[in-house]
There are 2 protein chains.
Amino acid sequence: VIISELVDRSGTPAATIKFYVREGLLPAGERVGGNRTEYTEAHEHRLRLIRAMLEVGKLSIGSIGQVLAALDRPDAPIADTFEVAQRALARRAASDVSEPSARALDRIDALIDRAGWAAGCHDNVGRGIAAQAVDAFANAGYELPDSYLDGYADAAVRVATADLTAVGGLADPSDMAELMVVGTVLGDTLSLGLRRIAQAHVTSERLLS
Amino acid sequence: VIISELVDRSGTPAATIKFYVREGLLPAGERVGGNRTEYTEAHEHRLRLIRAMLEVGKLSIGSIGQVLAALDRPDAPIADTFEVAQRALARRAASDVSEPSARALDRIDALIDRAGWAAGCHDNVGRGIAAQAVDAFANAGYELPDSYLDGYADAAVRVATADLTAVGGLADPSDMAELMVVGTVLGDTLSLGLRRIAQAHVTSERLLS
């Protein structure tokens, strides 16, 4: 299709499409003589992905570029794609925040051991993010008890199991990689929304009991 | 204490402290003759709270103002404080995003009913946030199965139970309100970090099995 059709189908303005091509987020269309450039369904699909990461994931253009680069690596093992995507996404969560304290990192390491999680988890980017949250609670005057952390860890395994089950249900490796990335971004928003609703539910249950 | 001591104790520059006072985030200090203004531990405590919401919660100054106003309402019932805080915090998650589709809202309503959550949950601000995530998955080409949503809902109840147990363990109502607000912001970051680690754990388990 030509660019005006891509604009109609994707809902993305032509100037924005050209910006994404310049920034390397979107492959250039194919020149087919004269001023005509052809775009394919792959372009339309990628535009939807970019939009989801921008609007719901609140990622910067730079982070989206890193995530898409991870997606485009051919034949990367699933665990690698997850890790690259997680690191790119982590920049959003961690920007402007000071390094976590050694004490908070120790608490997350102890949690990983209590939960019986794989040894490689100690290198995961989420360790620093979780430790920053523990520090921020402490700075605000709350020392989180282990039971609180363990409740969150238990919930995290359930969410990750749902994530991996969804990814494992796909046949095509590039679809799997894409769902991993999209799911990592959008799953955070889904969790956040459902946590709010569940807080209302648990509050009303406790008021009644 | 005078302002230079408040700066030392809180790590917040004097110009920032004065900005917070002008914006209504922080009560003014007490004039005690001449140019001397006295600040108390309550100021120091509030500065720590503001910092946690800014740095880890990534809230705007406007949203922090709304959250603090909810905190400062005397004798508000717990469920009300939660709701006001949730709505102020929701502006962060929902900004720039289009309204959720009726179809996605129906799916979240069906999930609330399947989970057996309280009827009031249908009015919770998290419903729209979760529905936006469902729409974004669909726009990116993935129709989430009910089993995925139910796995997330199950995890959300566990997290909310940990939240309410922590709040219920406090004796002072103003501490409870504060933990609700701080916990709503910081708990999202804690969840996000632990979800990343749990994804690494579940991935390595599945690769071994």
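Between chain A and chain B there are eight salt bridges, each a side-chain nitrogen of Lys or Arg within 4 Å of a carboxyl oxygen of Asp or Glu. One of them joins Asp154(B) to Arg158(A), at 2.4 Å from N to O. This is a predicted model, in which local features need pLDDT of at least 70 and side-chain atom pairs count only at pLDDT 80 or more, while totals for chains, interfaces and linings use all residues. Residues are numbered from 1 along each chain as its sequence is written, chains are lettered from A and ligands numbered from 1 in the order in which they are written, and side-chain values use heavy atoms, with hydrogens and water left out.

The contact (heavy atoms within 4.5 Å) involves 82 residues from chain A and 82 residues from chain B. About 7200 Å² is buried between the two chains, 71% of it on carbon and sulfur atoms; this is the accessible area (1.4 Å probe) that two parts lose on being put together, summed over both.

Six aromatic pairs are counted over all chains. Rings of Phe, Tyr and Trp (its six-membered ring) pair if their centres lie within 6.5 Å, and planes under 30 degrees apart count as stacked, over 60 as edge-to-face and the rest as tilted. Phe19(A) and Tyr20(A) make a tilted pair, 6.0 Å centre to centre with 50 degrees between the planes. Phe19(A) is partly exposed at 29% relative accessibility, whereas Tyr20(A) is buried at 7%; buried means under 20% relative accessible area, exposed over 50%, and partly exposed in between (1.4 Å probe, protein chains only). Phe137(A), Tyr148(A) and Tyr152(A) form one aromatic cluster.
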